[in-house]
Amino acid sequence: MKRILFFVTALVVSATMLAEDHVMSATKGGSNRTMKADSPLALSLKEAQEYAVNQNRSLKNASLAVQEAYAARWQTIASMLPQVDGSYSYSNYLGYSATLGMMGSEMKINMPNVGALGLTASVGINGQGIVGALLNNIAIDMMKISLEKSETELRGSVMGSYVSVLALQSISSLLDSSLVNIQELESITQNAVNAGAAEQTSADQIRVRVNTLKNSINAQKRTIELATNSLKVLLDVPVETELVLTEKLETVLSPDRVLALLAENFSIENNLNYQLLQKQLELAKTNVHMAGWAYGPTVSLAYNYTNQQYYGEGGMRMTPPNVIQVSVRMPLWSSGKRAAGVVEKKIAYEEAKNTLSETSDNLSIQYRQLCFNLTNAYETYMNEKENIEVSQRVFASATNKYKYGASSNMELTNASNDLINAQSSYVQAMLSLVNAQVELEEFLNNK
């Protein structure tokens with residue numbers, strides 16, 4: 001019997017150590033890449049997304065929550081495995097002697113000091129405990145899906161912010177080149193005024209154009225700084241960090257990728273929201289089984305070993321050294337409480353089925369709407385891209401004509417305004433395209 005107890009104890013201890021090792025190894029899986037505030041950080045789009053995922057504190061907490069769920073599941077399973085407890089007690093009766101019998105025929109029994117070593121091994125199993133472990137598995141799966149959903153959304157946010165910075169930088173470069181041309185025209189016009197070949201009004205009008213472009217450039221720089229700071233927030237880096245985006249705008253914003261995305265087939269099983277609802281339906285069904293097992297029995301098995309050691313003469317060994325106990329507990333009457341619990345869980349299960357069915361129909365409609373949004377955003381982007389190229393050519397032509405006196409200030413002013421408006425519309429169309437692309441990619445969740 002002692003060998004059996006030793007084997008059971010060793011088995012439980014080994015299983016506990018393996019569970020602890022599993023949890024500890026999971027906590028070491030995250031990356032803790034840090035960046036000094038004074039060090040430049042150069043990232044491509046993919047590197048920026050990975051960096052944000054590794055640094056984001058909310059995702060770290062979600063990952064830790066998954067690890068907590070694993071630990072909770074092990075507690076549920078371990079509660080149904082053998083539990084072994086040891087004890088030792090020492091009693092000193094201070095020389096007291098017990099008296100047995102009636103007056104005249106009394107017998108005194110010495111009460112020596114006694115030490116007792118005890119070992120108890122027990123195990124209890126019921127249906128609700130087993131179903132509870134299954135519920136923990138479903139909860140872990142749901143938390144993993146939620147973690148993946150949060151990670152996907154973060155990657156989409158990083159992409160949108162990354163492209164915004166690239167687009168604003170591109171427009172700022174165009175404005176800088178336009179400013180150089182306008183300033184050249186201002187210098188030419190002012191020289192003509194000084195030579196008496198032109199009126200001061202012409203030079204003043206050009207000066208207004210220069211100041212307008214400077215204001216646009218300054219506003220653009222502040223917008224770039226704001227967009228860059230937003231990206232730094234997503235990356236969780238200090239605001240003082242110099243951020244260098246190594247990707248080119250033409251590479252990130254690929255029309256081929258958009259067309260390929262529109263051509264992909266929609267599989268509802270890949271949608272993360274649908275996966276969560278499936279797990280909720282599974283959870284509701286398992287809760288029905290959990291409520292039903294309230295009628296089930298609980299079987300318990302226990303073994304108790306006691307070894308008493310008397311220190312002195314006398315003493316009566318009243319406690320048996322080995323005791324085995326087997327018990328079965330069966331619920332009989334609860335005034336309808338358990339029956340009402342089963343009905344409640346069945347109703348919740350029907351509600352979950354209706355929600356899943358309704359969501360399936362809605363997701364199909366949502367997919368068509370997202371495809372329409374992306375198609376519309378793509379067409380708008382291509383038109384605005386052509387418009388800005390045309391506006392750039394018109395402005396360059398007006399500039400050259402003005403140099404040689406073939407165009408008026410009004411024509412140059414109109415061309416400059418058209419270029420600024422075209423640049424603003426181009427940026428807006430570009431961001432709309434990115435947002436539509438990100439939304440569809442998150443919806444499809446294609447690996």
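Helix α8 passes α9 in a left-handed crossing, the near helix being turned anticlockwise from the far one by less than a right angle. This comes from a predicted model, where local features need pLDDT of at least 70, side-chain atom pairs count only at pLDDT 80 or more, and totals for chains, interfaces and linings use all residues. Residues are numbered from 1 along each chain as its sequence is written, and side-chain values use heavy atoms, with hydrogens and water left out.

Residues 272-292 make up α8 and residues 337-403 make up α9; the two pack at about 165°, axes 8 Å apart. They are therefore roughly antiparallel (over 145 degrees). Sorted by class, their contact holds 12 nonpolar, 8 polar and 4 charged residues.

Next up is the pairing of α2 and α4. Helix α2 (residues 45-55) crosses α4 at roughly 135°, and the axes come within 9 Å. The contact divides into 8 nonpolar, 1 polar and 3 charged residues.

Leu179 also sits in α4, which spans residues 127-194. Leu179 counts as buried because its relative accessibility is 12% (the cut-off is under 20%, with a 1.4 Å probe and protein chains only). Beyond neighbours within four places in sequence, Leu179 contacts Val210, Leu213, Lys214 and Ile217, contact meaning heavy atoms within 4.5 Å. Lys214 lies 35 residues from Leu179 in sequence, yet their C-alpha atoms are 7.3 Å apart.

Note on methods: Axes are lines fitted to C-alpha atoms, for helices over the stretch in contact, and angles run from 0 to 180 degrees between N-to-C directions. Helices (H or I, at least four residues) and strands (E, at least two) are DSSP runs, numbered from the N terminus. Angles under 35 degrees count as roughly parallel, over 145 as roughly antiparallel, 65 to 115 as roughly perpendicular and the rest as oblique. Ala, Val, Leu, Ile, Met, Phe, Trp, Tyr, Cys and Pro count as nonpolar, Asp, Glu, Lys and Arg as charged, and the others, Gly among them, as polar. Buried means under 20% relative accessible area, exposed over 50%, partly exposed in between (1.4 Å probe, protein chains only).
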